[in-house]
Amino acid sequence: MAVYTRLIKEEISKHLENYNIGEFVDFKEIVAGIDNSNFILETSKQKYILTIFESRIQKDELPLFINFKSHLSQKNICCPKPILSKSGESIVDLKGKKSAIVTFLSGKTLEPKDNGYYNNITPKHCFEVGKVLAKLHLASADFVETRVNDLGAFGFEKLFNKFSHLVEGYQKGLTAEITENINLVSNGWNSNLPSAVCHLDLFPDNVFFDENSNLSGVIDFYFSANDLLIYDFAIIVNAWCFDENNNFSEEKFLQMLKGYQEVREFSESEKEFLKTSLISASMRFLLTRLHDVFFTPKDSIVNIKNPQEYLEKLRYFTKKYDNKI
């Protein structure tokens, strides 16, 4: 359920008077996702997406997220293009909250199983995701706005300290394991590697494909921030290259790597740093999922994702993984 702010046709019709996107025809709530209220708008011209930003996103960070999408769309990255109002604004007030309208993308996301895992990710999907990420990285090179990644390697300790006193009750011995890996990542981090504003959340629910498994769109840029390009790549390896039993697929990984390097070659220093990046990516999602376990209200409608998935991935990358590039 991801519609927290309800709208009626009259309210949308009135709101669209701020734009030159045609006459309002109809709308539909989008119930997927958990963070914002989203609607498909149909006008006499075409379809659009209306987003009302809810409490999670800091309002002062919205311009960067919207401007980043505008920048990427101008570089022919297949992402939603923000629509400017008649007064030239990309963010407009609606029912006391900030909102934006963007272009509608064709295609569909992959369908997960009821347990949240995917058994339908193919090497072709991984190739496509690797390729689009490399294109995004090249396109973001001259994006001048910046945002610190508070969920990056140097933010892990602060995040963990919020709930470290609860971890032993969740799983004995986990505190020491997490602390060891936080230290490993922060002490070994190489900030001199190529960096830019990255997506940092390119999971299957944020990627659209057509009926031939060709990638048709990338969405949800609301974790975007400055970080290492190899770290952004490590996030998609974590998200796409394991099967539903959490077994690592070398075939998917190699296709993802091939797709990326058809567009942008990793340097030798980046290749040497991949294992640290993979561990860091696993840590990022283990910590945020643990945070949600401990702090999401019991009566919340949010579906809490299982931290164990990323604990198993972390253990794979720390104990079994050998650098493969």
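Modeller: A crossing of two helices is left-handed if the near helix is turned anticlockwise from the far one by less than a right angle, and right-handed if clockwise. This is a predicted model, in which local features need pLDDT of at least 70 and side-chain atom pairs count only at pLDDT 80 or more, while totals for chains, interfaces and linings use all residues. Residues are numbered from 1 along each chain as its sequence is written, and side-chain values use heavy atoms, with hydrogens and water left out.

Colleague: What is the handedness with which α7 passes α11, and at what angle do these helices pack?

Modeller: The crossing is right-handed, and α7 (residues 229-240) and α11 (residues 307-319) pack at about 115° with axes 11 Å apart, the angle running from 0 to 180 degrees between N-to-C directions of lines fitted to C-alpha atoms over the stretch in contact.

Colleague: What makes the contact of α7 with α11, by class?

Modeller: V237, N238 and A239 in α7 meet Y310, K313 and F317 in α11, contact meaning heavy atoms within 4.5 Å. This gives 4 nonpolar, 1 polar and 1 charged residues; Val, Ala, Tyr and Phe count as nonpolar, and Lys as charged.

Terms used. Helices (H or I, at least four residues) and strands (E, at least two) are DSSP runs, numbered from the N terminus.
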